[in-house]
Amino acid sequence: MVKVIASSLRKGNVVEMDDKLYVILSAENIHPGKGTPVTQLDMRRISDGVKVSERYRTTEQVERAYVEDRPHTYLYEDSDGYTFMNPDNYEQIAVPKDVVGEQSVYLQEGMECMLSTYNGNAIAIDLPARVTLEIVDTEPTVKGQTASSSYKPAMLSNGVRTMVPPHVASGTRIVILTADASYVERAKD
């Protein structure tokens, strides 16, 4: 643990309070005209997801946790959760299902993800921004409708529904954003 002044904390930092870890969602330094400047922190408790707001004087010391961010390769899913491997030393780490959350539908074997660990335990995961999937079901292409900017619903190979341009047919591989499952382009492979 490292003690840092509250005004140096930023979004994404991990702090420890009352023997629990919190990830900072937003940090704002407030300088009122009269009185001492304060830092307003909005945080989420990593263990159960509860959101907390705290206010510190900017010179107050806060315990900052050292979180290690390393690339890991996704291997497989089992009853314990998801298993990832560190490509440097081939060490495997099991990540609980609640850490991965709803992003799990985008996990593909061999995919490289950024894994945040604290004391050897996974606390957060970052998936690649884009992923390539195949369309398994969509409405047939209607001739003459290619110029309009309307989109049609499509079911992807991982079970997620998204909206695609009318010229894209079933069996086509497309690139989508993992953040909101929106269509980016046809896959170039």
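**Close-up views of a predicted model**

**View 1. Strand E7 at the second largest pocket.** Strand E7 contributes three residues to the lining of the second largest pocket, the most of any element. The model is predicted: local features need pLDDT of at least 70 and side-chain atom pairs count only at pLDDT 80 or more, while totals for chains, interfaces and linings use all residues. Numbering starts from 1 along each chain as its sequence is written, and side-chain values use heavy atoms, with hydrogens and water left out. E7 spans 68-78, and E7, E9 and E10 each supply at least two lining residues here. Helices (H or I, at least four residues) and strands (E, at least two) are DSSP runs numbered from the N terminus. The lining consists of Glu 68, Arg 70, His 72, Asn 86, Asn 89, Glu 91, Gln 92, Ile 93, Leu 115, Thr 117 and Gly 120. By class these are two nonpolar, six polar and three charged residues (nonpolar: Ala, Val, Leu, Ile, Met, Phe, Trp, Tyr, Cys and Pro; charged: Asp, Glu, Lys and Arg; polar: the others, Gly among them). The pocket holds about 180 Å³ of space. On a 1 Å grid over the protein atoms alone, a pocket is an open set of points where a 1.4 Å probe fits, with protein on both sides within 12 Å along at least five of seven lines, and lining residues have an atom within 4 Å of a point. Points are joined across faces, edges and corners, and a volume is the space filled by probe spheres set on them.

**View 2. The largest pocket and its lining.** About 740 Å³ of space lies in the largest pocket. Its lining has 32 residues, of which Val 23, Ser 116, Ile 123, Ala 124 and Ile 125 are the closest to its centre. Strand E3 (20-30), strand E9 (92-95), helix H1 (97-100), strand E10 (112-118) and strand E11 (121-126) each supply at least two lining residues. E11 gives the most, with six residues.

**View 3. The open five-stranded sheet.** The strand order is E14-E13-E12-E15-E16, with antiparallel pairing (strands pair if DSSP finds at least two bridges between them). Strand E14 (161-164) and strand E16 (183-186) are the edges, each pairing on one side only. From one strand to the next the twist averages 50° (axes are lines fitted to C-alpha atoms, and angles run from 0 to 180 degrees between N-to-C directions). Strand E13 (residues 152-156) pairs with E14 in the antiparallel sense over four bridges. Lys 152 has Val 164 in E14 as its bridge partner.

**View 4. Salt bridge between Lys 3 and Glu 63.** The whole structure has four salt bridges (a side-chain nitrogen of Lys or Arg within 4 Å of a carboxyl oxygen of Asp or Glu). In one of them, the side chains of Lys 3 and Glu 63 meet at 3.4 Å, N to O. Lys 3 lies in strand E1 (residues 2-5) and Glu 63 in strand E6 (residues 61-64), 60 residues apart. Glu 63 is partly exposed, at 25% relative accessible area (buried is under 20%, exposed over 50%, partly exposed in between; 1.4 Å probe, protein chains only).

**View 5. Salt bridge between Glu 77 and Lys 97.** The two side chains meet at 3.3 Å, N to O. Glu 77 is in strand E7 and Lys 97 in helix H1, so the pair ties together parts 20 residues apart in sequence. Glu 77 is partly exposed at 46% relative accessibility, and Lys 97 is partly exposed at 40%.

**View 6. Salt bridge between Glu 185 and Lys 188.** The closest N and O atoms are 3.0 Å apart. Glu 185 is partly exposed, at 29% relative accessibility, whereas Lys 188 is exposed, at 72%.
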